[in-house]
Amino acid sequence: MNLINVEGLGKAYGPVPLLDDVSLGVSAGDRIGVVGRNGGGKSTLVSLLAGRVAPDGGRVTHTRGLRLGFLTQRDEFPEGATVRSVVLGERAEHEWAGDARAREILAGLLPGISVDTPIEGMSGGERRRVALARLLVPETDLLVLDEPTNHLDIEAIAWLAGHLKDRTLIVVTHDRWFLDAVTERTWEVADGQVHRYEGGYSAYVLAKAERARIAASTEEKRQNLLRKELAWLRRGPQARSTKPKFRVDAANALIADEPPARDAVELVRFATSRLGKTVYDVEDVTVRVGDRTLFEHLTWQLGPGDRVGLVGVNGSGKSTLLRLLEGTVAPSAGRVIRGKTVQLAHLSQELGELDPARRVLESVEEIKRRISIGKREFSASQMLERFGFRGDAQWTPVGDLSGGERRRLQLLRLLMAEPNVLFLDEPTNDLDIEMLTELEDLLDGWPGSLVLVSHDRYFLERVSDRVLALVGDGRLLLLPGGVDEYLDRRRRSTPEPQPVRAAEPKPAKNSWQAKKELDRLERRIEKLGDREADVHELMATHATDHEKLLELDAELKAVRAEREEIEEQWLVLADEA
């Protein structure tokens, strides 16, 4: 039976319907990824499914007693809230401290953070982690997640994907690696409809490419982009790490004549002719910020045509390294040599100031009217179309643009200046999947040196040729194994996160009372162990009685859960004693 049924659903904001006569269902065990353009109706769809928004037409029905958890894009908390009040609510200390699942979630999402920590003053990433913990700790039948990876670093995203692998869920996200890791079906929201595909993101790409080929679509550019991305999926790190679930023969046939995404030799030749032999040389550099030493005796070289992905924990110095190369951060010791022909463009995480009165097209043409990428030339208007500003949208005042549209415009203005060195700090913020593939295609033909900082693992592996890591000890490490090697190194070098513990129980009035309580708990643990052994014997005796086995299995689970809880109480009390 479906957990959610949708019949003839319709919803519009203004004259154009976002959803028109949509019917679908969500069953237990479904793991659904929702994709589509920004503004196409993804968030509206999941809000309707969760019952947070009323439809204009049709109906959404939930099965009786459905326990649904809904994560919105905005993390809002009551004034004065703490981690304890938000995540644990009124649960008693011993209750949540004895709950292995709650402890695992708190340890995975909030390592080293006390449950009594105030939420006020937390960073965006920490607030997102608290919001996720609030959602994941209670028992739910269905999770509805709207951009759950926002503000999370690569490690947190990997933990979240592992935790969600057995949950029934619907997730809206632009993180293509995350979609492949956690989903088994894909819904594409486009033109008022929801198109359904079997499999995660990789399978969705294949199915779309096959449909375009079979229909002999006239959208030649779109087909080319799909084939290029499919070729990347089959040949790149994504294929090795996530084993996309699509038919290998069909995929190979579709990309048989598709060349590699980038002609590395030709691009390096172009880059060398534009840059010469020296781009950036970092020689024995030390950088201190306050009492912290971010880099110590760092020596590194960025050469012509190098495409580097930079990873590291938050605060390890990724953005500082870009500013060091840019010249806005001075080294405490050592020197940074910049090539004489370097023309740098730096996309930072902050949105630069744009004249709100200018039209979008005017804002681009004031930089340059035409641009050459590889062997092709594009006008400012053509580039705007590639960046999602089509038709009349090019004459929209900049002041009327959304945050995501401003981000796209800022990035395009940088590219129109035809730099030969690009620093991109979290460029994927607010970009949808279609825009990400367009940006990847542009960068494939861009001849220059590139340093990319991104928590979007798919984009980072797709655009860069090698991965470097800042691990917080002042060094910059080359990782031949890419992001997988980085995560493996972090797991081996970082101690297992300790679960957040409850406040220690008040000490017993004397040692005799503490010993008495410990003895009582030990006797109960022993009895539960004996009962577990008895249940195992009974299960062997009734091996052919299916109903009796189900009954005994339920009892066995209850006995084990009670024993684990009492053992936790014993550990806390013994530590105090």
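Analyst: Contact here means heavy atoms within 4.5 Å. By that criterion, and not counting residues up to four places away in sequence, leucine 48 touches Leu9, Lys11, Leu19, Val53, Ala54, Pro55 and Val60. The model is predicted, so local features need pLDDT of at least 70 and side-chain atom pairs count only at pLDDT 80 or more, while totals for chains, interfaces and linings use all residues. Residues are numbered from 1 along each chain as its sequence is written, and side-chain values use heavy atoms, with hydrogens and water left out.

Leucine 48 belongs to helix H1 (residues 42-49); helices (H or I, at least four residues) are DSSP runs, numbered from the N terminus. Leucine 48 is buried, its relative accessible area being 1%; buried means under 20% relative accessible area, exposed over 50%, and partly exposed in between, with a 1.4 Å probe and protein chains only. Lysine 11, one of the residues touched by leucine 48, lies 37 residues away along the chain, and the two C-alpha atoms are separated by 8.9 Å.

Elsewhere, the largest nonpolar core has 51 residues, and Val87, Leu110, Val130, Leu164 and Phe178 have the most contacts inside it. Helix H5 (residues 124-136) supplies the largest share of this core, six residues. Such a core is a set of buried Ala, Val, Leu, Ile, Met, Phe, Trp, Tyr and Cys residues joined through side-chain atoms within 4.5 Å. Valine 87 is in contact with Leu106, Val130, Ala133, Arg134 and Val137, leaving aside its neighbours within four places in sequence.

Note on methods. Helices (H or I, at least four residues) and strands (E, at least two) are DSSP runs, numbered from the N terminus.
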